[in-house]
Amino acid sequence: MEQTKIKKVLVTGGIGYIGSHTVIELIEADYEVIIIDNLVNSSLVCLERVKAIVSKPENITFEEVDLRDATRLSQVFHEYLPDAVIHFAALKAVGESVAKPLDYYENNVGGTINLLKSMNLYKCNMIVFSSSACVYGDNPYASETDRLAPINPYGMTKVMCEQIIQDYSNTNKNFAAVILRYFNPIGAHSSGMIGEDPKDIPNNLMPYLQKVASGQLPHLNVFGKDYDTVDGTGVRDYIHVVDLAQGHIVALDKQEQLQGYHVFNLGTGNGTSVLQLATAFEKAFETEMKKVMCDRRPGDAPKSTACADKVFNELGWKAKLDIDDMCRDSANWTKKNPNGFHAQP
């Protein structure tokens with residue numbers, strides 16, 4: 001296999017939470033980046049701040065594109081001819097996916113098919129795909145070879161996309177497909193200039209904590225109080241978004257080794273409950289929050305943590321930052337930006 005070093009990377013969903021942090025790491029690792037994003041759950045303010053953070057902002061290009069628009073997507077590939085793709089763009093709220101499954105299949109699965117078609121047409125032979133621990137369903141300690149059994153449509157879209165990418169990679173001996181199954185990314189860039197900022201009421205725990213701490217929501221709803229866990233609340237494997245971003249750089253750097261189809265968990269292997277995370281965030285933010293115990297939420301697993309041995313053994317990647325680091329950086333982002341990327345009301 002003739003392999004040229006990857007220089008130009010197309011990042012779908014590159015102004016989103018994980019995408020923006022990954023773009024920073026890409027630029028600092030001397031890649032050129034083309035971001036495509038439909039701005040449904042992201043802000044151009046984030047793009048401007050990313051450019052302010054990085055050492056070579058001129059190496060970032062942005063195009064507003066929806067992956068469902070195959071014609072526009074093909075035009076972007078024709079113009080920029082990327083060497084590799086990191087594919088973040090997706091709808092990602094578990095609860096919403098239960099209520100609106102067709103939107104999730106159309107966007108997440110349909111968009112991925114369009115992306116692979118453009119990659120095939122323009123001979124772009126590496127993809128790093130943003131998958132999720134949701135593919136494992138109710139699995140308290142998941143390894144890559146475990147059965148896939150998602151318990152919500154969001155998780156099922158990730159399973160479907162993984163299978164489609166694998167099937168495509170089997171038809172192209174020059175193709176490298178890396179599936180990264182994220183556990184629960186939280187935290188923010190140490191500058192406090194970018195962080196997680198969902199446009200509506202948050203579905204994930206950390207941005208909910210941020211909105212309660214900054215006074216925008218009256219209390220924290222804790223979904224599930226009777227799970228068989230340390231304190232009855234759900235347990236997740238939280239990982240700092242910067243650690244997660246660096247995992248993508250490791251994958252690109254190991255391109256020749258990763259010819260074919262490969263799957264890796266990205267997590268710490270440690271579980272933290274909802275109440276434990278809330279307590280750590282209260283300490284970092286120097287506040288106390290009212291908590292309201294609620295019924296379990298449809299589609300949520302009681303516990304989900306990663307076996308992350310494979311990615312360390314094969315790629316040398318390991319999470320470096322702990323829960324206190326994650327809460328410190330999330331608190332810093334929130335204090336500096338109580339309204340996220342939006343101006344003060």
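Figure 1. Apart from neighbours within four places in sequence, histidine 262 is in contact (heavy atoms within 4.5 Å) with Ala177, Val178, Ile179 and Gln257. The relative accessibility of histidine 262 is 17%, so the residue counts as buried. Buried means under 20% relative accessible area, exposed means over 50%, and partly exposed lies in between, with a 1.4 Å probe and protein chains only. Isoleucine 179 stands 83 residues from histidine 262 along the chain, yet their C-alpha atoms are separated by 6.1 Å. The model is predicted: local features need pLDDT of at least 70, side-chain atom pairs count only at pLDDT 80 or more, and totals for chains, interfaces and linings use all residues. Residues are numbered from 1 along each chain as its sequence is written, and side-chain values use heavy atoms, with hydrogens and water left out.

**Figure 2. Asparagine 114 in helix H5.** Helix H5 comprises residues 101–121 and includes asparagine 114. With a relative accessibility of 16%, asparagine 114 counts as buried. When neighbours within four places in sequence are left aside, the contacts of asparagine 114 are Leu67, Arg68, Asp69, Ala70 and Leu73.

**Figure 3. Valine 94 in helix H4.** Valine 94 is located in helix H4, residues 94–99, and is buried at a relative accessible area of 17%. Leaving aside neighbours within four places in sequence, valine 94 is in contact with Cys134, Asn152, Tyr154, Pro298, Gly299 and Asp300. Aspartate 66 is 28 residues from valine 94 in sequence, and the C-alpha atoms of the two residues are 21 Å apart in space.

**Figure 4. Two leucines with positive phi, leucine 39 and leucine 81.** Most residues other than glycine have a negative phi. Leucine 39 has a positive phi near 65°, and the phi of leucine 81 is also positive, at about 45°. Where do these residues lie: leucine 39, and leucine 81? Leucine 39 is placed in the loop between strand S2 (32–37) and helix H2 (44–53). Leucine 81 is placed in the loop between helix H3 (70–80) and strand S4 (84–87). Leucine 39 is buried, with 17% relative accessibility, whereas leucine 81 is partly exposed, with a relative accessible area of 48%.

**Figure 5. The aromatic pair of tyrosine 168 and phenylalanine 175.** A pair of aromatic rings is described by the distance of the centres and the angle of the planes. Rings of Phe, Tyr and Trp (its six-membered ring) pair if their centres lie within 6.5 Å; planes under 30 degrees apart count as stacked, over 60 as edge-to-face and the rest as tilted. By this rule, there are 5 aromatic pairs. One of them joins tyrosine 168 and phenylalanine 175: the distance is 4.9 Å centre to centre and the angle between the planes is 80°, an edge-to-face arrangement. Tyrosine 168 and phenylalanine 175 are both buried.

**Figure 6. The tilted pair of tryptophan 333 and phenylalanine 341, with glycine 340.** The ring centres of tryptophan 333 and phenylalanine 341 are 5.0 Å apart and their planes stand at 55°, so this pair is tilted. Both tryptophan 333 and phenylalanine 341 are buried. Tryptophan 333 is also touched by glycine 340, as is Asp197, when residues up to four places away in sequence are not counted. Glycine 340 lies in the segment after helix H11 (323–336) and is buried, with a relative accessible area of 8%. Valine 128 and glycine 340 are 212 residues apart in sequence, and their C-alpha atoms are 28 Å apart in space.

**Figure 7. The chain as a setting for the close-up views.** The chain contains 11 helices and 15 strands. Its radius of gyration is 19 Å, close to the 20 Å that the globule rule gives for 345 residues, so the chain is as compact as a globular protein of that length. The radius is taken over C-alpha atoms, and the globule rule is 2.2 Å times the number of residues to the power 0.38. The C-alpha trace spans about 55 × 45 × 40 Å along its principal axes. Of the 345 residues, 55% are buried. Among contacts between residues at least 6 apart in sequence, 80% join residues at least 24 apart.

Conventions:
Helix = DSSP H or I, 4+ residues; strand = E, 2+ residues; numbered from the N terminus.
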